[in-house]
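Trainee: I'd like to learn how to read a new structure. Could you walk me through this one?

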Amino acid sequence: MGEQVQAMFSPIPESMGPITSGQARAIAVTTPQRLPMLPDVPTIAETLPGFEASTFQGIGAPAGTPHDIVERLNKEINAALADPTINKRLLELGGIPTPGSSDDFGKHIVAETTKWGKVIREAKIVVE
């Protein structure tokens, strides 16, 4: 926007304003499929098969939170994600509502930790 950066990777929610206002141009998305809010923007995987680097947000609870409380929170969050007004707004902001169970979310966190842990080890990335 300040004409100082040639290209960057940026989460869609943070990028939608500049993209829709014409201040930035989306070249590709890193999700496995094209996004409903940017249907004409190709995925990197269309050029480089297998490429995927998505972000996600979720709500967690402290370890030891009683199961019935976790399930109640999950039920209410899924209900909110199913609300047409909330769903529409999340999509406008560049989010993709993904309701599911608390177990689904736990499995997703494990899968992401495994995937990115492998990248970190193979690239020999160290904390400085």
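This is a predicted model: local features need pLDDT of at least 70, side-chain atom pairs count only at pLDDT 80 or more; totals for chains, interfaces and linings use all residues.

Trainee: How many aromatic pairs does the structure hold?

Mentor: There is 1 aromatic pair. To read its geometry, check the angle between the ring planes, where over 60 degrees counts as edge-to-face. The ring centres of F56 and F105 are 6.0 Å apart and the planes sit at 80 degrees, so this pair is edge-to-face.

Trainee: Which parts of the chain does the pair tie together?

Mentor: F56 belongs to the loop between α1 (12-21) and α2 (67-82), while F105 is in helix α4 (residues 102-122), so the pair links parts 49 residues apart in sequence.

Trainee: What does the secondary structure look like overall?

Mentor: Count the elements, then follow their order. The protein has 4 helices and 0 strands, and from the N terminus they run α-α-α-α. Its radius of gyration is 17 Å, well over the 14 Å that the globule rule gives for 128 residues, so the protein is more spread out than a compact globule.

Trainee: What share of the residues is buried?

Mentor: Buried residues account for 17% of the 128. As for the surface, the protein exposes about 10,000 Å², with 60% of that supplied by carbon and sulfur atoms.

Conventions: Residues are numbered from 1 along each chain as its sequence is written. Side-chain values use heavy atoms; hydrogens and water are left out. Helices (H or I, at least four residues) and strands (E, at least two) are DSSP runs, numbered from the N terminus. The radius of gyration is taken over C-alpha atoms; the globule rule is 2.2 Å times the number of residues to the power 0.38. Buried means under 20% relative accessible area, exposed over 50%, partly exposed in between (1.4 Å probe, protein chains only). Accessible areas come from the Shrake-Rupley method with a 1.4 Å probe; for residues, only the protein chains shown count as cover. Rings of Phe, Tyr and Trp (its six-membered ring) pair if their centres lie within 6.5 Å; planes under 30 degrees apart count as stacked, over 60 as edge-to-face and the rest as tilted.
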